Amino acid sequence: MSRSQQITVLGATGSIGLSTLDVIARHPDRYQVFALSGFTRLSELLALCVRHVPRFAVVPEVAAARTLQDDLRAAGLSTRVLVGEEGLCQVASDPEVDTVMAAIVGAAGLRPTLAAVEAGKKILLANKEALVMSGALFMQAVRQSGSVLLPIDSEHNAIFQCMPLDYARGLEAVGVRRILLTASGGPFRQTPMAELAHVSPDQACAHPNWSMGRKISVDSASMMNKGLELIEACWLFDARPSQVEVVVHPQSVIHSLVDYVDGSVLAQLGNPDMRTPIANALAWPERIDSGVAPLDLFAIARLDFQAPDEERFPCLRLARQAAEAGNSAPAMLNAANEVAVAAFLDERVRYPEIASIIEEVLNLEPVVAVGDLEAVFTADAKARLLAGQWLSRHGR
Ligand code: NAD
Ligand code: MG
């Protein structure tokens, strides 16, 4: 049998990181952990190192690195600790690495993910914000390096599974009419509009079907997550925004669908557990056990579908507008959203103000071309500044 695949897990201490390690641990003959990164919860990172014995661990700063290095030595491990973005880029592009799970949340994941792309790695992309920010540059780098890019987001993994193998020829060429992107509608799908000003971060994070990190949970509640996913789908499958339709499907059993010109609609179904798309991408084009229970259609009994309500979910409208505007607009949308969601999680802004902040930032700043990574980070910084000004003007 061929040698086992060396895997770097960026964002190992998060929800996707832990699910990835769960799948990897089921297949010790196939996969070996090369590196793990964490940002907070460093005692958990230590426990993960003890369990998976990586060659490298990456932490955000020098003091944390010293502590972790001492603890690793005391545990009898020779794992080397690296620091910061440089360390992340190193373990993402090391010649010995085959596959990189990009599961850092937010813009912080962009440089390390791109480093993996440029080194021609197989990329398991969970970090949708990286692609939203820099779509054109990111996809160009994928083409140049010949890197294999596999989507982890459950919807995009579902679409990938429902597409023909040669979909890169273009959607029209392979007979695809539309992509149907499903959304659960999150915890506030039916909450009276007047109550939305008073919902707490914990209520926003109590997703009915999925257990996820706090930032993406808030994005799911506001449906910004679906907006980011719309942009993500356009880049991954070379679609125009008008070719991607959002369908609210509260049970989260169908993870997305592809509609063909002959009237066939292919869907991927499964229990809402991220280990399915993770196992699919890890082993692609083979199939491996993920630990996910078989789908029980009799227990589910029914599947419902609704059109999304953009008045209830203004973030979805803002994301679609940014998708259509292209250029710097998605990076600005993403950065303003990151600032607004962090402020909401800190209880400095109310839930409906997340959309107000993003809308103001997008209205204030003209859309410009982003020809290189520096221009992307300039747009990102500008949006963070404007969102910060909103917060100070409102005394937050
Ligand atoms: P999480 O908050 O649970 O974990 C985030 C990880 O990133 C942690 O390991 C954390 O230590 C690390 N991190 C945070 N800030 C960092 C920084 N500034 N620098 C370096 N590392 C940092 O988040 P998650 O739910 O696992 O989501 C991770 C990514 O996957 C997100 O982009 C999210 O949109 C995407 N995603 C998640 C799910 C899910 O079910 N959780 C589904 C689809 C897509
Ligand atoms: Mg998703």
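This is a predicted model: local features need pLDDT of at least 70, side-chain atom pairs count only at pLDDT 80 or more; totals for chains, interfaces and linings use all residues.
Residues are numbered from 1 along each chain as its sequence is written.

Let's start with strand β1, residues 5–10; strands here are DSSP runs of E with at least two residues, and helices are runs of H or I with at least four, numbered from the N terminus. Five of the six residues of β1 are buried, so the strand is largely enclosed by the rest of the structure. Buried means under 20% relative accessible area, with a 1.4 Å probe and protein chains only.

Now look at the partners of β1. Two strands pair if DSSP finds at least two bridges between them. With β2 (residues 31–37), β1 pairs in the parallel sense over five bridges, and Ile 7 has Val 33 as its bridge partner there.

Next, meet ligand 1. Around this ligand are 22 residues, and the closest are Thr 13, Ser 15, Ile 16, Glu 129 and Gly 213; a residue counts as near if one of its heavy atoms lies within 4 Å. Helices α1 and α6 (128–145) each supply at least two residues of this shell.

Finally, follow the ligand's oxygen atoms. One lies 3.2 Å from a polar backbone atom of Gly 11, and an oxygen atom of ligand 1 is 3.0 Å from a backbone N or O atom of Phe 39. Taken alone, ligand 1 exposes 830 Å², of which the protein buries 89%; these areas come from the Shrake-Rupley method with a 1.4 Å probe.

Notes. Chains are lettered from A and ligands numbered from 1 in the order in which they are written. Side-chain values use heavy atoms; hydrogens and water are left out. Buried means under 20% relative accessible area, exposed over 50%, partly exposed in between (1.4 Å probe, protein chains only). A polar contact is a pair of N or O atoms within 3.5 Å; within protein, one must be able to donate a hydrogen and the other to accept it, and residues adjacent in sequence count only if both atoms are side-chain atoms.
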